[in-house]
Amino acid sequence: MEQQAVVTNIQKFSVHDGPGIRSILFLKGCPLRCQWCANPENIAPGPQLMVYQGKCIRCGLCISRCSQNAIIVRDETVTMDWGRCRGCGACASVCPTQARVMKGETMTTADARRAIDRDIPFYKNSGGGVTFSGGEPLLYPDFIMEIAREYRAQGLNAVVETCGCVPWETFARVQPWIDLFLYDLKFVDCEKHRKYCGMGNELILANLRRLCESSRVVVRIPIIPGINDMQEDIDRTGRLLAELGERIEAIHCLPYHNLGFSKYEALGMEYSLSDVMLPKGGYMETIRKMFEQHGLQVQIGG
């Protein structure tokens, strides 16, 4: 039986998130609730309605299709009562401007391969392949294995970007077919991780240590000003990474950005970090030097 996953996007011709030119499959669903998440549409596991008010031409077609009376006209503006919305997508099906769209489509591995296959010559010539991102792509291990196996036979590589918050058995199942893991590390402090990411990080840290013993791993640290950039946070993370040493292939520090802000509005979600300032000047260079005090080489961006 062909494996399936809920996919929000297949980003083609990417030169990030792995070597060479590649396609990135964004899979839906994540166990964490990181307050700065740039892809909030990938947190919930199922398809979701997204509403882009700037595209609305106030034609009224959506209102006639909504059985929950969740679409309201106020002062000539079409607004949403998200508490009533069931996310059925009936309004999106008639919207002529894509002001309303359903995000997330159930795809089989064959569906995904058809979307990717036409660009295989570019991947082969550049040493590229496919990256599984999300959300947490390891919620779909069988889907990942089936695609990675197929492309390995064609000389392509497979990369997984993970938050690490899945049972170790999941890592063990996909390991033989994955060439590189991009492992997100937000905090070493468990209570801070619980506060800002929705749950503790004991499993994440245990999986990181174990994964480094048998797989290529790049650790990626999102740097969030005022949240995980204090000296104490950097020191604790630096000590852990120094302990892992050469078992880690590289360390990438990712500057905070708020490019996902509009997605929260489109999903009817609150973005709780709206007061966090974007990094300026030599801020990230200062972060790099803090890590270098632990004998670590760090790349800004990834």
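**Figure 1. Gly135 sits in the loop between β8 (129-133) and α5.** Helices and strands here are DSSP runs, H or I of at least four residues for helices and E of at least two for strands, numbered from the N terminus. A cis peptide bond joins Gly135 to Gly134, with omega at about 5°. For context, most peptide bonds are trans. This is a predicted model, in which local features need pLDDT of at least 70 and side-chain atom pairs count only at pLDDT 80 or more, while totals for chains, interfaces and linings use all residues. Residues are numbered from 1 along each chain as its sequence is written, and side-chain values use heavy atoms, with hydrogens and water left out.

**Figure 2. Glu76 and Gln98 have positive phi values.** Glu76, with phi near 65°, belongs to the loop between β4 (71-74) and β5 (77-80). Its relative accessible area is 64%, so Glu76 is exposed; the classes are buried under 20%, exposed over 50% and partly exposed in between, using a 1.4 Å probe and protein chains only. Phi of Gln98 is near 60°, and you will find Gln98 in the loop between α2 (90-94) and β6 (100-103). Gln98 is exposed too, at 53% relative accessibility.

**Figure 3. Arg152 and Asp179 form a salt bridge, 3.2 Å from N to O.** A salt bridge here is a side-chain nitrogen of Lys or Arg within 4 Å of a carboxyl oxygen of Asp or Glu. Arg152 lies in helix α5 (residues 141-152) and Asp179 in the loop between α6 (168-174) and β10 (180-184), so the pair ties together parts 27 residues apart in sequence. Arg152 is partly exposed at 32% relative accessibility, and Asp179 is partly exposed at 26%. The structure holds 16 salt bridges.

**Figure 4. Asp233 pairs with Lys192 in a salt bridge whose closest N and O atoms are 2.9 Å apart.** The two residues link distant parts of the chain, with Asp233 in helix α9 (residues 231-244) and Lys192 in helix α7 (residues 190-197), 41 residues apart. Asp233 counts as buried, at 7% relative accessibility, whereas Lys192 is partly exposed at 24%.

Figure 5. Glu285 is partly exposed with a relative accessible area of 35%, and Arg288 is partly exposed with 21%.

**Figure 6. A network of salt bridges links Asp17, Glu161 and Arg220.** Side chains of opposite charge can pair when their charged atoms come close.

**Figure 7. Helix α3 (residues 109-117) crosses α5 at roughly 40°, their axes coming within 10 Å.** Axes are lines fitted to C-alpha atoms, for helices over the stretch in contact, and angles run from 0 to 180 degrees between N-to-C directions. That makes α3 oblique to α5; angles under 35 degrees count as roughly parallel, over 145 as roughly antiparallel, 65 to 115 as roughly perpendicular and the rest as oblique. In α3, Thr109, Ala112, Arg113, Ile116 and Asp117 meet Phe143, Glu146, Ile147, Glu150 and Tyr151 of α5, where contact means heavy atoms within 4.5 Å. The contact residues divide into 5 nonpolar, 1 polar and 4 charged. Here Ala, Val, Leu, Ile, Met, Phe, Trp, Tyr, Cys and Pro count as nonpolar, Asp, Glu, Lys and Arg as charged, and the others, Gly among them, as polar.
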